[in-house]
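Reader: Please discuss the salt bridges of the structure shown below.

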Amino acid sequence: MSKILAIESSCDETAVAILDGDKLLANIISSQVDVHRKYGGVMPEIASRLHLENIAVCLKEAYEQAGLKAEDMDAIAVTRGPGLIGCLHVGLQAAKALAFAHHKPLIPVHHLAGHIYANEYVGELKFPLLAVVVSGGNTELVYVDKPMSFHIIGETMDDAIGECYDKVARVLGLPYPGGLPIDQHAQKGKHTYDIPAPLKGHKDYNFSYSGLKTSVVNLVHKLKQNGEEIRLDDMCRSFQDVATGMIVERTVKAAEEYQVKQVVLAGGVSANSDLRKRMQELFHNDVELIIPPLWCTTDNAAMIAKVASHLYEEKLFAPLSLAVDPNWKIDHYRDF
């Protein structure tokens, strides 16, 4: 049984967790959402500075919650990428300092692997599985044929789905982050607006959300210029049907082609009620569906600790010369 201290700082959450075997002893998260809301998105420089202010406080709270000290850990884990480079640097330097000061091994963890393995807090992962990774910065279908073996079979060619939600929310006058307010309005609306789905009919599993965002922006501007009322609930429903429909369509097709035993949702957009409902309707017989609890959908260090516990068993440790990689690919998570 290994005790892992994990640090996550890839975007706008400063997080520290302590995992003892399968028992999560501490999971501290300091969110910056309220700070960035006034800008309509994450401001990287501000985010980095806030991580610097918050990291020591989060570490202290984690130690107190777990009833342990840094020297009690077996290893220090940290998100190496992907993410915002300045934010990643703060977490990595803190992890390096702890590893050096207390003579503990350093474990680099891929952020998206963390989102996938967060589902282990819900149930056992069964291989082969298909991970649907949907967040503000990433949209990928990842085939996992065996533990810690990732193969990207589809990814966004431009914007991520979460980024698309935020930009559409902005043009509709809704607050940041855009996922929840759009979802709430969509539940009250009807699909009455004609919004085309990008890459419809393509044979691969890639996504494109830039065109979807542009379609909504152009439609909203056209309606305003013509003096027509924008039915907000209907617009949100029409947009969301297309946005989540692209995910569902490709997931069903990939799950059948790769003959997976399990489909797991991962990332912030996996909190979307429409996506969860549609997946539950489609996967309930031969293919098991795992949906993470809401606390696991946003960035947190518990998911980083969970991956690190597997890497610890493999003795996959990094030197203190380790650098961050904001564009680190999940299928190259051993390359550092």
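Reader: Which residue forms a salt bridge with K329?
Author: A salt bridge is a side-chain nitrogen of Lys or Arg within 4 Å of a carboxyl oxygen of Asp or Glu. In this predicted model, local features need pLDDT of at least 70, side-chain atom pairs count only at pLDDT 80 or more, and totals for chains, interfaces and linings use all residues. Residues are numbered from 1 along each chain as its sequence is written, and side-chain values use heavy atoms, with hydrogens and water left out. With closest N and O atoms 2.8 Å apart, the partner of K329 is E155.

Reader: How many residues apart in sequence are the parts that this pair ties together?
Author: K329 lies in the segment after α11 (302-314), whereas E155 belongs to strand β8 (residues 149-155); helices (H or I, at least four residues) and strands (E, at least two) are DSSP runs, numbered from the N terminus. The pair therefore ties together parts whose separation in sequence is 174 residues.

Reader: Is D234, the salt-bridge partner of R231, buried or exposed?
Author: The side chains of R231 and D234 meet at 2.9 Å, N to O. Buried means under 20% relative accessible area, exposed over 50%, and partly exposed in between (1.4 Å probe, protein chains only). R231 is partly exposed at 35%, whereas D234, at 14%, is buried.

Reader: What is the relative accessible area of R250, which pairs with E249?
Author: In this salt bridge the closest N and O atoms are 3.8 Å apart. E249 is partly exposed at 45%, while R250 is buried, with a relative accessible area of 5%.
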